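Visitor: Hi, I'd like to go through this one with you. Can you bring it up?

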Amino acid sequence: MICGIDPGLSGGIAFLGNNHLEVLPMPISTLVIANKKRRYIDILSLCNIFIARNTADYCFIEKQQAMPNQGLSSTFKTGLGYGILLGVSNVYFESVINVRAREWKKYFGLSSNKEEARALASELYPDYKHFWKLKKHDGLAESVLIAHWGKHNGK
């Protein structure tokens, strides 16, 4: 079984086997710090997700990087989430492979338009398209495409 991860607070985690697909939203917890609600990746829930699916050997995770004109706080939060995902996934998987968005999207002929990813995931996995029917669930569709890419190109 292959795991595909689209990092980020609205990202997703997909487990793809021969006749099996499981799609999960990124586990998130909310903390109140200085009277402000902050959302973070829930590490314990992430561990439990990986423990329950310990038959996956390979994990493909989209490589994150700072974007031009992105603020320092946003850059730090992106890096923190990505670091959590890398650290935890390296504990549970035999092999964790970073893949740039440009690489897996080029394979599928996709642009940066998230709607294209949702449409393609629906075409490839029509029985699961209800998981990403809303625009805000594009991370779920992208996690499936990353897992699909990994299954066919990553090993």
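Visitor: Where is serine 73 placed?
Guide: Serine 73 sits in helix α2, residues 72-92. Helices here are DSSP runs of H or I with at least four residues, strands are runs of E with at least two, and both are numbered from the N terminus. Before we go on: this is a predicted model, where local features need pLDDT of at least 70, side-chain atom pairs count only at pLDDT 80 or more, and totals for chains, interfaces and linings use all residues. Residues are numbered from 1 along each chain as its sequence is written, and side-chain values use heavy atoms, with hydrogens and water left out.

Visitor: OK. Is serine 73 buried or exposed?
Guide: Exposed, with a relative accessible area of 53%. The cut-offs are under 20% for buried, over 50% for exposed and partly exposed in between, using a 1.4 Å probe and protein chains only.

Visitor: And how far apart are serine 73 and glycine 87 in space?
Guide: Their C-alpha atoms are 21 Å apart, and the two residues are 14 apart in sequence.

Visitor: Switching to α1. Which of its residues are buried?
Guide: In α1, which covers residues 43-52, those are Leu46, Cys47, Ile49 and Phe50. Looking down the helix axis, they fall within an arc of 160 degrees, so they line one face of α1. That arc is taken from the directions from the helix axis to the C-beta atoms.

Visitor: What's on the face of α1 turned away from the buried side?
Guide: Leu44 and Ala52, both exposed, are carried there.

Visitor: Which residue caps the N-terminal end of α1?
Guide: Aspartate 42 does, with a side-chain oxygen 3.2 Å from the backbone nitrogen of leucine 44.

Visitor: How about α3, which residues are buried there?
Guide: Trp104, Lys105 and Phe108. These cover an arc of only 100 degrees around the axis, which puts them on the same side of α3. The face turned away from that buried side carries the exposed Arg102 and Lys106.

Visitor: What follows α3?
Guide: Glycine 109, whose phi is positive, near 75 degrees.

Visitor: Now the core. Which residues in the largest one touch the most other members?
Guide: Leu21, Trp104, Phe108, Leu110, Trp132, Val144 and Leu145, out of 22 residues in that core. At least two residues each come from β2 (12-16), β3 (21-25), α3 (101-108), α4 (114-124) and α5 (138-154). The most comes from α5, with seven residues. A nonpolar core here is a set of buried Ala, Val, Leu, Ile, Met, Phe, Trp, Tyr and Cys residues joined through side-chain atoms within 4.5 Å.

Visitor: And what lies apart from it?
Guide: Another core, of 20 residues, including Cys3, Leu46, Phe50 and Ile84.

Visitor: Back to tryptophan 132: what does it touch?
Guide: Leaving out residues up to four places away in sequence, tryptophan 132 touches Val23, Arg118, Ala121, Ser122, Tyr125, His137, Leu140, Ala141 and Val144. Contact means heavy atoms within 4.5 Å.

Visitor: I also noticed histidine 148. Which helix is that in?
Guide: Histidine 148 is in α5. This histidine is buried, with a relative accessible area of 12%. With residues up to four places away in sequence not counted, histidine 148 touches Leu16, Phe108, Leu124 and Tyr125.

Visitor: Which loop holds alanine 34?
Guide: The one between β4 (28-33) and β5 (36-41). Alanine 34 has a positive phi of about 55 degrees although it is not a glycine. With 67% relative accessibility, alanine 34 counts as exposed.

Visitor: What about phi of asparagine 35?
Guide: That's positive too, near 65 degrees, in a residue other than glycine. Asparagine 35 is found in the loop between β4 and β5, and is exposed, with a relative accessible area of 77%. For background, most residues other than glycine have a negative phi.

Conventions. A polar contact is a pair of N or O atoms within 3.5 Å; within protein, one must be able to donate a hydrogen and the other to accept it, and residues adjacent in sequence count only if both atoms are side-chain atoms.
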